[in-house]
Amino acid sequence: MTYDFFYKLFGSQVVAAIIQGLLPLFVFILPFAVFAVWLERKVSAHMQDRLGPMRVGWHGWLQTIADILKLLQKEDIIASENDKPLFNIAPLLVFIGSYAAFAAIPFSSAFIGSNLDLGVFFIVAVSGLVVAGILMAGWASNNKYSLLGAMRSAAQIISYEIPTILVIVTIVMVTGTLNLNTLSEMQTGHFWNWMILGGPTLGVAKFLMIPFMIIGFVIIYISSLAEVNRTPFDIPEAESELVSGYHTEYSGMKFAMFFLAEYANMFAVSAVVAALFFGGYQSPIGYLGNLIGIKWLIPIEQLFWFTAKGLFFVFVQMWLRWTLPRLRVDQLMAACWKYLIPIAFVNLIIIGLITLM
Amino acid sequence: MTIYDLIFYLFAAITVISAFFVVTTRNIVYSAYYLLFTFFGVAGIYVLLGADFIAVVQLVVYVGGILILLLFGVMLTNRITNVQIKTGTIKIAPAAIGVALFAGILGAALLKTNWKTINSEIPISTTHTLGLLLIQQYAVVFELLGILLLIALIGAASMARK
């Protein structure tokens, strides 16, 4: 819908497509990252009975902006032993990988970057670019800590992709679509039509499915935590062992680029979880626009609900980060291969049987 | 020259140029990363041809799978990254004959084939049709391939245990 609007405004497909492509970055991800970094510091501070940043603005809400200004002025250090071209490309590759996922995420019924029929499959595919970028950063830094961090990160992302995909397959089996927009539209109405509560079709199967859907949600949420390298799965950047993993050697805006990619990724996985299980952009309680008969209000409300759901899951990620200790490498792999994958498989089979009923 | 042509030549250039550098560069890690751009370019051409599912599979299998495996191998192998790979030419005459023959076959195939042309239209998504074909017409082949991959996985796991 927004694409048609820009196409009418500028009369050129190229301009419209470029604006459509840049819209999530400038309207959404940058403000979100600024807010989320501040939120992370506040959440961590209050969990540890501190106040966190308090000086810049009301309760320190401008702190991140001040930090960005500081990072912009920092010297861009490239050590002589670094592999210069790869060292420079790596932050971009990581960010491209995490931003590409936003192409298939429906923010509201009026805005989806590209209404891909492959949707969630595409999101899984482009996360491969992030892995390549992280490995590139680790290798080009020419630093043992960086390389170790990159290896751990890549191994972790690849392993935890399997339970994620198994849960996605479960949902695809029930709904018969990979398109996140269609998936969100199917879960319209009220919150009892969400996939976590068995989906929109009423019947015995719906109620049988509820416990297994909850198991599926827990599995995909745990593995999405591992995919964005958050605690309890943050061994790739374990400060006490590896300095800070693959971005140890980076400074200034290149470091900020990794940070931005990390926060963009956090929202992307939360958005996928919200779209798969929690109705995507659909309101849980009906729309004000329908109630008072203003049609153009509905997409805006949907944007609000989508952001709210995404932000809630991002908040839970932060909550877990400051609550749980870090897993060891062997525990990490055991959790994935011995617990999550078998449970996800059994879950897949059970939901398949229920769907056949 | 429409936008379509422009994008096609862009992706074709990415594919061909990066493929050229994969072969000629002396650093094995650089080769691996040029390969990333080759795979990316091929995926782009698949999208232009309307084969969206194949394009994403290309990304999953080659970028997310094979390339990462390659990088792991290269980076974990001790001192392989410092090895200077020889990219010069040896035995030009046999190589030239081989290349000329292969080019001849390819050229003949290109010129002699009775290419099927269809009017370009907005491509429809192939996922649904592809899924139905795999599960109905080619079900046996599909299942056999699955078993083959499973055997390979079990073999790898049992070898890793030793």
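This is a predicted model: local features need pLDDT of at least 70, side-chain atom pairs count only at pLDDT 80 or more; totals for chains, interfaces and linings use all residues.
Some ground rules. Residues count from 1 along each chain as its sequence is written, chains are lettered from A and ligands numbered from 1 in the order written. Local features need pLDDT of at least 70, side-chain atom pairs count only at pLDDT 80 or more, totals for chains, interfaces and linings use all residues, and side-chain values use heavy atoms, without hydrogens and water.

Confidence next. The predictor gives the complex an ipTM of 0.79 and a pTM of 0.85. Chain B has a mean pLDDT of 83 (the predictor's confidence in each residue, from 0 to 100). In chain B, 89% of residues reach 70 or more.

Now the build of chain B. It has six helices and zero strands. Both are DSSP runs numbered from the N terminus: helices are H or I, at least four residues, and strands are E, at least two. Of the 162 residues in chain B, 21% are buried, meaning under 20% relative accessible area, with a 1.4 Å probe and protein chains only. Take contacts, meaning heavy atoms within 4.5 Å, between residues at least 6 apart in sequence. In chain B, 63% of those join residues at least 24 apart.

Over to chain A. Beyond its neighbours within four places in sequence, A:W192 contacts A:L197, A:G199 and A:K206. A:W296 is 104 residues away along the chain, and the two C-alpha atoms are separated by 25 Å.

Conventions
Buried means under 20% relative accessible area, exposed over 50%, partly exposed in between (1.4 Å probe, protein chains only).
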